[in-house]
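Dear colleague,

I am handing over the structure below, and my notes on it follow. Please read them beside the model.

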Amino acid sequence: MDMSETEEFKESPIIRDKKTALPLWTDQRPFQLRYYIPVKRIEEFFRGLEEGKILATQCKSCGQIFFPPQMDCPKCKSSDMKWIQLSDEAELVTYTIIRVKPKTFEHYNDYVIAVGRLLKEKINVFAWLKVDDPSKIRIGMKLKLIVTKREPENYLVYEFIPMKNNKS
Amino acid sequence: MRNVAIVGIGHSKFGRRLDVSLPELAWEAIREAIEDAGLDTKDIEFVSLANIGVWSSEVSPGSVIMEYAGLNPSETIRVETACASGSAAVKTAYMAVASGQADVAMALGIERMNEMTTPEVVEILARIGNYFWEFHNFGPTFVGYYALFATQYMHKYGATEEDLAKVAVKNHYYASYNPKAHFPKKITLEDALNSPYIAWPLKLYDCSPISDGAAAVILASEEVAKKITDSPVWIRAIEGATATSNHSKRENLLSIPSARIAAEKAYRRAKIDKEDPTKYLDLAEVHDCFTIAEIMAYEDLGFAKRGEGYKLIRDEQTYIGGKIPVNLSGGLKAKGHPIGATGVSMIVELTKQLQQRVEPQRQAPIEKGLALAHNVGGTGHYVFVSILSLEKPW
């Protein structure tokens, strides 16, 4: 919203919208939203990232793989899961290039979001695809899933990069 | 289950409504609906409210609106199914009347999205879906999510950016005759194709706007409806379904599985042949939050075969006179998409269409007396398909 200060009201925080000149009260109680999200049951996943591994869970009873990981199998009603390391070879299913970004992503350059299918596990992963030139991206191209550090926030996350010797 | 009639409809002007506060905007739709029904606020026993909020300042909008509109001490419940919240409100009011809990109920959808700046609204919208695993690390926007569908769809079926643009041109064309639309103006194919990319391959003109607006419908039992109106429209079916929150868990991003399931359920209840629904329907309002979404809706609803939805718009089959007219209101694309209001707005529009009281340039010929609304929350995280009829269901 484009706004300009108004001088009509000296003692009230009323501004005028630039397009319509309509008066708007400026909220005097702004605050920052920050959540503290429980990860106790999937702590292993983050330990895995520190060792360069991307972990999923697998139900010991029916064998289903869960990624993102979860500790409850709704089919078996079992919480007896094991941690498995995902393979890193994938194929590009679809992608987009984000030009207009959400507020908390405005500090990044345009980024590519991709869905890649892991060749071994036959499951999909949703992540950034890091490429120098987005015009060279082709559906079906081979990708590698890696652990990387997200800057400037400085935390570990997974992303795709093109597989070397890509023949697409 | 009792028959449920729509006996009153109300609709605010959609747009960047900086001239009204949340309860003032709600009142525009409520007053119109009550007057349309010939009722008074005290006759409304139950109100189901669809509002996402977050971008507007009232945390619990139900109580603010009930007081302002003089609806106290009637009962109210707020519902949330993302961009399909409006349909959830209609369904909640429908269940109240069908079950006998209330004889007269109102579904109200309202959103005041322009109480924050655009990047903040884009942020909140994008958090619908899966915040922790998708948004937090990868920052998809909502147009970004639908762009993932568009990329895969165009690659597999050969649709083009021009096909997508044709959806925008059609919906703006009809919006130009809808005075309540956010953008009541025509656009050209060039306007659409020359607009900047927001999330490749989707451009500005592939996207619905950030709108403020409110819509209300009053539902009544058959007994009450008989007393107050000669032209009720009946709710024949209102069926919902869901799909995974994580996009990585969808089988593909070519269609919306929950939309297909909701449609099948609605067709079964309304005794419509799912193989050829256009034979039964006079028109449809579908959830075109982005142009690709309208094309997928054609297929998910069975208006076109899988992979052939884009041919319907290419051949202008969803204009009046075609196989089935779609989004004669202007759709989310041009009428606007005040999230909570959208599903209710669709029911308002179809009721008016069936009663043949919309502007003549956008009035569908009403021959079969059946109309369909398709309302998608997220990218199919929630879907409702509703069927309205001029004939009493049973």
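Which residue in E5(B) does A:Ile97 stand opposite? The residue is B:Trp200. Please keep in mind that this is a predicted model, in which local features need pLDDT of at least 70 and side-chain atom pairs count only at pLDDT 80 or more, while totals for chains, interfaces and linings use all residues. Residues are numbered from 1 along each chain as its sequence is written, chains are lettered from A and ligands numbered from 1 in the order in which they are written, and side-chain values use heavy atoms, with hydrogens and water left out.

The interface

Strand E7 of chain A (residues 89–98) pairs with E5(B) in the antiparallel sense over two bridges, where strands are DSSP runs of at least two residues (E), helices are runs of at least four (H or I), both numbered from the N terminus, and two strands pair if DSSP finds at least two bridges between them. The contact (heavy atoms within 4.5 Å) takes 45 residues from chain A and 41 residues from chain B. Between them the two chains bury about 3,600 Å², 67% of it on carbon and sulfur atoms; buried area here is the accessible area, with a 1.4 Å probe, that two parts lose on being put together, summed over both.

Across this interface the rule finds one salt bridge, by which is meant a side-chain nitrogen of Lys or Arg within 4 Å of a carboxyl oxygen of Asp or Glu. A salt bridge joins the side chains of A:Asp17 and B:Arg16, at 2.7 Å from N to O. On the side of chain B that touches chain A, helix H4 (118–126), helix H5 (131–138), helix H6 (142–157) and strand E5 (197–200) of chain B each supply at least two residues, and H5(B) gives the most, with eight residues.

A sheet within chain A

Three strands of chain A form an open sheet in the order E5-E4-E6, with antiparallel pairing. Strand E5 (65–66) and strand E6 (81–85) of chain A each have a single partner strand and stand at the edges, so one side of each is left without a neighbour in the sheet. E4(A) and E5(A) pair over two bridges, and A:Thr57 stands opposite A:Phe66 in E5(A).

A:Gln58 lies in strand E4 (residues 55–59) of chain A and is buried, with a relative accessible area of 17%, buried meaning under 20% (1.4 Å probe, protein chains only).

With kind regards

Terms used:
Buried means under 20% relative accessible area, exposed over 50%, partly exposed in between (1.4 Å probe, protein chains only).
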